[in-house]
Amino acid sequence: MPRSLASRSRRPDRKRPRIAAAAALLLPTGLVTGIAVESQAATVGCQVTYSVTSQWPGGFGGSVAITNLGSAINGWTLTWSFAAGQTVTQAWNATVVQSGSTVSAANVSYNASIPTNASVTFGFNGSFTASNPSPTTFALNGVTCTGVTSPSGSPSASASASPSMSPSASPSSSPTSGPPTVAADGTGKYPTIQAAIDAVPAGNTRPVTITIKPATYREIVTIPANKPYVTLQGLGSSASSTVIVNNRSNAGGYGTAGSATVFVYGHDFTAENLTISNDYGVGSQAVAANVTADRAVFNGVRFLGNQDTLLVNDTARAYFVNNYIEGTVDFIFGGGTAVFNSCDIYEKRTSGGPVTAARTPASQTYGLLIYKSTITGAVNNTTQLGRPWGPAAQVLYRESTLSATIATGQPWIDMSGNVWTNARFFEYKDTGPGATLNGNRPQMTDAQAVDYTPQKYLAGSDAWNPIG
C-alpha cells in the first residue's frame with residue numbers, strides 16, 4: 001500500500017467540483033419534466049416500454065425495458081427510429097449506436113439472455129432540437145414490436161435541470177421528485193443510506209435509484225457485489241449538501257483498504273451530487289472511497305481525505321466526471337482502470353506530495369487517465385504527478401491544466417523500490433505553468449495517443465462507453 005511521507009499540514013476544503021453548465025439553466029414554462037411512457041405491444045415476439053425519465057433544455061434521460069414474448073433469447077439487438085432532431089449521446093447496460101435516425105442497442109455479457117416473458121432494461125441520455133420526439137418503431141432481433149401509443153404523463157412539480165448518468169428505479173417515478181429514499185431527519189423511507197441499500201433485493205437486475213436528502217450521514221456504506229445497478233443521488237443544490245463521512249484509518253486497525261467510508265462492489269454503480277469523505281486527519285492512510293465495481297460512474301462527487309483518499313482496485317473500471325478530489329499523499333491510487341474527466345484535483349499539503357500511486361498489472365494496458373482536468377495545490381513546485389506503487393504502473397495526464405504547484409523538474413518519483421522510469425508514465429498536450437518539458441517528463445506521441453483515449457481506457461471486452 002502507498003507509504004506515508006513525512007510532513008503533513010491540514011488545509012480546509014477550498015474548492016468544490018464544477019457543476020455542469022446545464023445545471024444553471026432555467027426550464028421554460030410548459031417543459032415536460034415528468035415521465036412519458038409509451039407501451040410498444042407486439043402481436044408476437046416482444047413488448048417494449050420506452051420511458052423519458054428526466055428532461056432539461058435540449059436534453060433528456062431515457063429508459064427502455066424489453067419483454068420477450070417469444071422463445072428464450074441468448075443474444076439480442078433492439079432497433080428503433082427517432083424523428084429528425086433527436087440523438088442518443090450515451091448509454092449504460094447496453095451498447096447503443098446511432099446512424100441517422102436509426103438506433104441500435106445490443107446486449108452486453110451480463111444481460112445477454114432474455115427468457116420467455118422475462119425483461120431486461122437499459123438506459124441512455126440524449127439531446128434534441130425543438131421538441132423531444134418519440135420513437136416510431138421497435139424491432140427485437142428483427143421482429144417488429146407494434147402498438148405505439150402517444151406519450152402519457154404530466155409535468156412533475158419539481159424539475160431536474162441537468163442530465164442524469166443513470167436511469168431511475170422504475171419507469172413510473174422520477175429519482176428527483178417526491179419524498180427522498182433516505183433522510184436523516186426521518187422524512188424519508190429510511191434514516192440511513194445503508195438501510196436503503198440493505199432493502200435492495202440480492203441479485204437485483206433493474207436500476208434502483210436511492211435519493212438522499214441533504215444532511216451529513218456519519219456511517220459506513222457498502223454496496224455488495226450481489227446488488228448491482230444501484231445509484232446514490234444527492235438531492236441538494238450542490239455536492240457539498242449531502243455528505244457521507246467516517247474516520248476509520250489504517251492506524252485504527254482497519255488496514256488501508258478496510259478504512260474506507262464507502263465500499264463499492266456491485267457493478268453498474270453510480271453516485272451523483274454528493275460528498276464522500278474520510279475525516280480521520282493526517283498521520284495514517286484513511287480511504288474515502290474503495291471502488292472494486294466494474295462499470296462505476298461518479299458524476300459531480302467530492303472526494304475528501306488526506307493520504308489515500310480514493311482507491312480504484314484491480315477489477316474496477318470507473319469513470320469520474322466533474323469531480324473534486326483532494327488529498328496529501330497517493331490520494332488517487334490502485335491497480336484498476338479509471339478515467340478522470342474534467343475533474344479538479346487538489347494537493348492540500350503545504351509540503352506537497354504525489355497525486356497518484358498506480359499499481360497497474362503488467363498484463364493490463366490501461367491504468368489511470370487524468371483527462372482535461374485541473375491540478376492545483378497549496379504551494380508551488382511541490383506536487384508530483386505520481387509514483388509507481390507497482391513496477392508496471394500506467395498513468396497518463398492528457399490535455400490537462402497543470403498549475404505551478406507541479407514540481408516541474410521531477411514530477412515523477414520512485415516508490416518502494418519501484419523505479420519511475422520503468423513505469424508507464426506519460427503526459428500528452430498538457431498546458432499551464434506546471435507543464436514544462438524536460439528529460440524527466442515522458443511525452444506521448446500523436447500516434448500513441450490515438451490508442452489512449454477515455455473511450456479506449458473504459459471499453460473493455462463489452463464496449464462500455466459511459467462518455468457518449
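Guide: Leaving out residues up to four places away in sequence, Ile-210 touches Thr-181, Val-182, Ala-196, Ile-197, Val-200, Val-230, Thr-231, Leu-232 and Gln-233, where contact means heavy atoms within 4.5 Å. This is a predicted model, in which local features need pLDDT of at least 70 and side-chain atom pairs count only at pLDDT 80 or more, while totals for chains, interfaces and linings use all residues. Residues are numbered from 1 along each chain as its sequence is written, and side-chain values use heavy atoms, with hydrogens and water left out.

Ile-210 also belongs to the largest nonpolar core, which has 57 residues; together with Phe-298, Phe-320 and Phe-340, Ile-210 touches the most other members. A nonpolar core is a set of buried Ala, Val, Leu, Ile, Met, Phe, Trp, Tyr and Cys residues joined through side-chain atoms within 4.5 Å. Buried means under 20% relative accessible area, with a 1.4 Å probe and protein chains only. Strand β21, residues 296-304, gives this core its largest share, four residues; strands are DSSP runs (E, at least two residues), numbered from the N terminus. A second, separate core holds 26 residues, including Val-48, Ala-91, Phe-128 and Cys-145.

Leu-78 lies in strand β5, residues 77-81, and is buried, with a relative accessible area of 0%. In the chain as a whole, buried residues make up 55% of the 468 residues.

Conventions
Buried < 20%, exposed > 50% of the residue type's maximum accessible area, 1.4 Å probe, protein only.
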